[in-house]
Every structure is written in C-alpha cells, then in structure tokens.
Amino acid sequence: MSDMSPESAGSAPGSGDAGLSQTIVFSDVSVVRDGRAALDRVSIGFEEPRIGIVGLNGSGKSTLLKCIVGLVAPTTGTVGVDGRDAVREARAVRRTTGLLFQNPDNQIVMPIVAEDLAFGLKNHGFSKAEIADGVAAGLDRLGIAGLAGRRIHELSGGEKQLVALAGVLAISPKTVLFDEPTAHLDLKNRNRLRDVLHALPEQAIVVSHDLDLLADFPRVVMIEAGRVVRDGSAAEVLANYREASR
Amino acid sequence: MIAGLARPGTSPLHRTAAGTKLAALAIAATTLFFVDDSRLLAVAGAVALALARSTGASFAEIGRDLKGPALVLAVLGLADWWLVDGATALVVVLRLGAIALLAHAVTATTTTAELSEVLERLFAPAERLGLLDAARAALTVTLAMRFVPLIAEEAREIREAQAARGLQGSVLALAVPLLVKVLVRAQDLADAIDARGFPPDRPTSDTEPKTNLRPGSP
Amino acid sequence: MTTRDISHVALMAAVIVALGLVPAIPLAAGVPITLQSMGVMLAGLVLGPKRGAAAVLVVVALVALGLPVLSGGRGGLGVFVGPTAGFLLGWILAAFVAGFLAQVLEATEKSTLVRTVQLTAAAIVGGIVVLYACGILWLAFFVKLGLAKAFMVSIVFVPGDVAKAIAAALITVKVRQAVAIERK
C-alpha cells in the first residue's frame, strides 16, 4: 500500500508524479466484430499525464479504453501497459489501471458504500487491515467519508459517481481511464468531478463529449470509424472536432 | 429491501447461535410432522407462541408478520374441513401454526449476516469438492440484493410513465423495457466486475477463466 | 460460471424479486394477478435452463437469508417449512424445464408466431405442469389433503398462470428481438 498517494501533496495536477503514470502502447490493433472494425489498425502510445479522447458515438472510443484493461481482446495486434500484455496479463494491468464507467449504477457492486470500496481491495489480495485503511482513505480522499455506511440506492447520481471513483482509486492505481464520466451528471456534479479530475495526481485518460473537461489537457486524440484521425494539443484537436461536428 | 426480517434485541434466542437455531427448527418441524394428536399439537403451539413472544415481539407484531401465512393456513384449513373432515383440519392448522411460530422466532432473532455464515459453512464441503465457487456464489447473491431496489424503482418509473400516457396495466409494456434495460446492464456490469479484478486469486492454482474474453468480444 | 453469467443471473434474480413488489395488475381479461411467477418463467425462457434455474436459486437463497422477497413481503425460514415450500422449490425446476424446452425449440429458424406458441408451451410445461407437480406433491403430503384434493385446491390458479405463460412468451420474443443473448 506504499503507493497510497496523499492528497496531491504539493504535486501540480497531472504533473506525472514519479510512479503515477504508465506507458500504454497500441501496436497495429484491430478489433473486428460481426464484420465491422470497431478499431482499425490503431498504433499509438500514451504516456502523458493527461490524454483526452474525442469522437462521435460508435467511433471506437470505449473499445479503445476496454482494450487497455483487457476487457476486449484485439483481433490483431497487441496492447501493452508498461510492457505487460493487456490480455495475457490482464490481472496485473487491472491492478495498476482503473476504469470508471459512464453509469455508476453499472459499476457499483455492493449494497453499502464501504463494502463496495472493499470489493476492489479484496479482489487484489489486500489484507483485512489494509482493506479497512484503504476504504477509509479512499472515501476521505474524495471528501465522502460520511457516506461509508450508506445504502447505494439512497444516494444521488453525483454521489454514486464519486463512490464509483473512490472504489477505483482505493487500490492506488497509476492510471485511471474515464469513459464519459460526466454523461449522467447534472451541472453541479459535473463541476465537482471536473475539480476532482483536475487535482488527480494519477495519470488520466478521459473519453468525453464534454469538451470543456479536456480543454487544458496536454494531448487530445480524435477517433473516427476506429482510426486515430487527429492527435495533438487540446487547442487544435478540439477546435477541429468542433468544426467537424458543425 | 436489503433489510431482513430480523429484529434487534437481546433475548435468549437472540444470543443463541444461528446454526443451533436452524438445526432445532428443522428437527422440531420434522418431529411435529409425525404428531397427530391435536392436544399435543396445541401444547406445541403454545410453546411456539411463547418462544415467539420471548424474542420481544408483541402479539400485534407477530400477528402482522404472520398475516400472509395465516391466510394460507385459513384457506387450507377450510379446504381440509370441507374435503376431508374437521379433525384433520384441526390437526393441520395446529401443526402448521406451531411451525410458523417457531420459524418466526428464529427469523426474528437471526440476522442476514449470521444466516450467510451458516450458508457458507453448509456449502464449504461442496466447494472443496469443486462443485461450487463460494466467491462467485456469494457475489451473485449480493449483487441481486444490491440491484433489487434499483430495478424495483425502474419498474415503478415505467409504470408511472405508462399511466401518464393513459396505458395502464400492460404487462408487456412494463416487462419488455425492464428486461431489455437489465440485459444491457448485465454486459456493462460484467465488464465492471472484471475490471475491478474479480475474482480474487485463490491460494491454489486457479485454472478457471477469469474473464469472458473472445477475440473482439464486446 | 463466467462473470457475464454472474451478472445475468444476479440481475434476473433481482427482476424476479422486483416483479413481486409491483402491485397486482389486471391482465387483458381484467383479472388481477401477481407477476412473480411470470418472472420465474422469464428467467428460464430468456436466460436458458442453467442460468434461469440459478437465478431462481438466488431468490430462494434470499428467502432463506430472511429477506422479504416473495410477493406480499414474505420470506424467511417459515416458507421452507410451510405448505407453499413445494411451489418455492419447484420454481427452480420450473425455470430449468422452461429454459431447456426453449433452448431445444429454438434450434431451427421459425416465424415469430410459431416461436411464440412454442415458448408458451415451454412456459406452460415448466411453469405450470412441473411446478404444480412439485407444489401439489408437497401440499398433499404436508396438509394431509391427499393428491386428488390438493390438486383440486391448486387448480384454481391455473388459468391465471396460463395467461402469465402467454405473456412471458410474448415478452421473451420481443426482448430477444432487442438484445442478442444466448441461452445457457
């Protein structure tokens, strides 16, 4: 549990704290389903502290994220995370790479908040004491310590998303993948998540339709029909994306 | 919905081990089965009622809890009286009533957590024989508990939306969207469970597939 | 059991419980019925024999754990030592048989109408014939009515259950048109 990062102790947001990022490499990856290519010969590497991914619905953005943690196996090509194959060493990759899904209801597994945070820790073999500490620290970190004993179905959408994120962060990953994190949130909670994301020391790869969320990212990638079509600074790629979506 | 039927309290039954209570209930129920004397059954019923009361529940509370079973009992008693004879009806009603009260006493004093533990111990031999995976089974049951309130609410919302449009009571219009939503959710949920590292490694080598991977699997 | 099986089984179990919480609604003929036993048929028809039966088994486990998940808020050990225990445990076999027949019948391409009829048959054989056999056997024994009389008492619920079987078949056809799912 030595990786339990303190509340951004002096580290600038997304500064790539030593140890809190990974090198993710797609080598000529294609994912073909029912004759359709969800990803088409994608070769790209990610190592920046913040990477945004934009694209129309069905362009392959979610598939890309799922490939990183081995939820989808490429039809051809390989995905490596710090040298580990995402499919063959999925377990090790998932230990250091978290994924926050769009709908927190589909990600929260236990009826009570503290139990759900413990779920991830138990799966990765933490001891009972470490689990107790991890749950407390995980909730504290996002300012939701008060929700520990609450029942999930009593929480608001914004609270559920924070609980889901706390669960992902509890195992101290180096990278967190976000799949349209604000899609189900109202404005107030969207702002809250934006603040949390801004202060996150871990490396973050964020798929989002909410372009303002990605505005200060060092790098944004645009995906279209399973291919990377633009790759550059947030300013240029987002401007391009806005233009293309007119 | 996750709240069980157990009531908090400190009665002697509360303090008795769950396994003991369950075994005792099973033995008592089986024994009563072979008793045909209505006087003995009446005594058993009185003892059962006393036990139910000893848990701290009032007569009113017991009555409320056993409303459903009492109704079933009344119907069956009448059926027996009409189709067989009064003596049989009496025996049946007394026996079932006594058993229902005993079961109530156990349920009211045993928490879901305690019952879980007993189930776990009961299934341990099956697990050692490789017939059952306790972690997967436990997760499945807990997941069901976790999702009942959410799905119940979604069902309610669908019904309200229907009523607002003036279509009441179409079973299809309720069940189809509900099930479709559930099936789509099942796929995302499975991904989330996998992504969070389930299942935990077992001490011995684990050759079961941990993920649902097929090339290009969604 | 794969993770996907776990999620399907758990969610279907939750659906069965949730259907027990929906207040009795009138069917086409205006006869009010509770939907939980339809949920059991759906478990088999939609998920197949093994997963459908597993879903019902989860519901039975929830009852054993003392949760009020049966329609009317019933639950706890009393159900297992009461007259309806045969129906509760029979549900497991009912879902299995309905699912098994659905799987067997699905083997060849058919028109929607034929498919609906076949699924209705599967639901009736599993959800009524097999279920009532289990329930009536236990009832006859437990309540000392004897088979013939237990049969007479239970038969009154059959018309409602036939309506549920038809509904379950129609629902299954529509659901499978919307979502691709294998039967296991």
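First, a definition: buried means under 20% relative accessible area, exposed means over 50%, and partly exposed is in between, with a 1.4 Å probe and protein chains only. Some housekeeping: this is a predicted model, where local features need pLDDT of at least 70, side-chain atom pairs count only at pLDDT 80 or more, and totals for chains, interfaces and linings use all residues. Side-chain values use heavy atoms, leaving out hydrogens and water, residues are numbered from 1 along each chain as its sequence is written, and chains are lettered from A and ligands numbered from 1 in the order in which they are written.

By salt bridge I mean a side-chain nitrogen of Lys or Arg within 4 Å of a carboxyl oxygen of Asp or Glu. Over all chains, there are 24 of them.

Take A:Asp195 and A:Arg194, whose side chains form a salt bridge at 3.5 Å, N to O. A:Arg194 is partly exposed at 33%, and A:Asp195 is also partly exposed, at 45%.

Next, A:Arg88 bridges to A:Asp85, with the closest N and O atoms 3.6 Å apart. A:Arg88 is exposed at 70% relative accessibility, whereas A:Asp85 is buried at 13%.

Now B:Asp191 and C:Arg4: their salt bridge has its closest N and O atoms 3.9 Å apart. B:Asp191 sits in helix 9 of chain B (residues 171-195) and C:Arg4 in helix 1 of chain C (residues 3-21), so this pair joins two chains. Helices here are DSSP runs of H or I, at least four residues, numbered from the N terminus. Both B:Asp191 and C:Arg4 are buried.

Finally, A:Asp40, A:Arg41 and A:Arg227 belong to one network, joined by salt bridges that share partners.
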